Amino acid sequence: MAVTGERFAQGMTYDEYKAQMTRNQEKFEENERTVQLKPGDLEALKKGPKRNVLVLTEDWCGDALANVPILGRLAKETGRFDIRVFLRDQHEDLTSQYMNGEFKSIPVFAFFDDSFREIGRWIERPASVTERRKKRRAEVFASDPRFGSPDSPVDQLPETVRADLMAALQAMRDEMRPFADGEVVREIRELVTKAP
Amino acid sequence: MNAPVRVRITYCAECGYEPQTLELAGALMREFGTRLAAIELIPWSDGTFDVRVGDKLVHSMMRDGGFPDPTDVAIAIHEVAAG
């Protein structure tokens, strides 16, 4: 079933979504505040048409925690996105329309024009980020023989090693953030500005 | 059952898998009571939901997909305990 303007309007605004979050709200706000946006991207988006953006998300999801705030900042900085947020697990009619293959991956950003013709969709995270994260993760495991193999269950590691591994993986994620954020913005910009 | 066995549940804390973790742990507590040596809950990341009974990995979300049926884990506990 196509998304209509009426269905779209039933979603939460971006600020309403933030207000009802039951977890990760502080980190979400921090991610929104600290994302680095390039002037060229903002100018390109400002010149484009205004878009309605349907967001499917949940507040516990790591990819949503990383990427929904980027969309929110882009909306605030450019004034070109009207966002309505739906919780994935409460809106099966929408979730079934935006499957990532067999998975209910989130976040989903579905972009519509004024007539609610879908002009494109963006799901979960850029493939380039997945690829680089996999490579960097392998490097983290290779950096310390105590970490074992990336494919081995971590519960077999001693607690101190597990803590060191978690810290190393978190450092890797922090280090990758500028690249990951930049890729999200690049893909959204391409999707929005290339559409007729 | 013979010797009590230890159960380890490694779950993705970033993904919000706490309800499924507690549901499984609760089901095993109710079924086995003092016949388990321990139920250990390990918070992790990366979409993990692994269940180890003794030395045997009886469920892995990466390997098997989804969450395990508590009944299947209980069967695995009986098998491991029986040696």
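The model is predicted. Chain A contains 8 helices and 4 strands, and its domain assignment gives domain 1 (5–125 + 177–194) and domain 2 (128–170). In chain B, 4 strands form an open sheet of mixed pairing. The two chains meet through 7 residues of chain A and 12 residues of chain B.

**Overall form of chain A**

- Along the principal axes, the C-alpha atoms of chain A occupy a box of roughly 55 × 35 × 30 Å.
- Of the 196 residues in chain A, 29% are buried.
- When contacts in chain A between residues at least 6 apart in sequence are considered, 75% of them join residues at least 24 apart.

**Domains of chain A**

- The centres of domain 1 and domain 2 of chain A, taken over C-alpha atoms, are separated by 30 Å.
- Contact between these domains of chain A involves 4 residues of domain 1 and 4 residues of domain 2.
- On the domain 1 side of chain A that touches domain 2, the residues comprise 2 nonpolar, no polar and 2 charged.

**The sheet of chain A**

- The 4 strands of chain A form an open sheet in the order 2-1-3-4, with mixed pairing.
- Strand 2 (81–87) and strand 4 (118–123) of chain A are the edge strands, each pairing on one side only.
- On average, neighbouring strands of this sheet are turned by 20° against each other, direction ignored.
- Strand 1 (residues 51–57) of chain A pairs with strand 2 of chain A in the parallel sense over 7 bridges, and Thr57(A) stands opposite Leu87(A) in strand 2.
- Helix 5 (residues 62–78) of chain A packs on the sheet and touches strand 1, strand 2 and strand 3 (108–112) of chain A; its direction makes about 150° with that of strand 2 of chain A.
- Helix 8 (residues 159–194) of chain A lies across strand 1, strand 3 and strand 4 of chain A, and runs at about 165° to strand 4 of chain A.

**Phe109(A)**

- Phe109(A) is located in strand 3 of chain A.
- Phe109(A) counts as buried because it has 28 C-beta neighbours inside 10 Å, whereas the cut-off for a buried residue is 20 or more.
- Leaving aside neighbours within four places in sequence, Phe109(A) is in contact with Val53(A), Val55(A), Leu71(A), Arg121(A) and Trp122(A).
- Phe109(A) and Ile83(A) are 26 residues apart along the chain, and their C-alpha atoms are separated by 9.2 Å.

**The sheet of chain B**

- The strand order in the open sheet of chain B is 2-1-3-4.
- Its edge strands are strand 2 (36–44) and strand 4 (56–60) of chain B, each of which pairs on one side only.
- From one strand of this sheet to the next, the twist averages 15°.
- Strand 1 (residues 5–12) and strand 2 of chain B run parallel and are joined by 8 bridges; Thr10(B) stands opposite Ile42(B) in strand 2 of chain B.
- Helix 1 (residues 18–32) of chain B lies across strand 1, strand 2 and strand 3 (49–53) of chain B, at about 180° to strand 2 of chain B.
- Helix 3 (residues 70–82) of chain B lies across strand 1, strand 3 and strand 4 of chain B, at about 170° to strand 4 of chain B.

**Contact between the chains**

- The contact involves 7 residues of chain A and 12 residues of chain B.
- By class, the side of chain A that touches chain B has 5 nonpolar, 1 polar and 1 charged residues.

Terms used: Residues numbered from 1 in each chain as written. Chains lettered and ligands numbered in written order. Predicted model: local features only at pLDDT ≥ 70, side-chain atom pairs only at ≥ 80, totals over all residues. Nonpolar A, V, L, I, M, F, W, Y, C, P; charged D, E, K, R; others polar. Helix = DSSP H or I, 4+ residues; strand = E, 2+ residues; numbered from the N terminus. Buried ≥ 20, exposed ≤ 12 C-beta atoms within 10 Å, placed from the backbone. Pairing = 2+ DSSP bridges. Axes fitted to C-alpha atoms, helices over the stretch in contact; angles between N-to-C directions. Domains from an automatic or database assignment.
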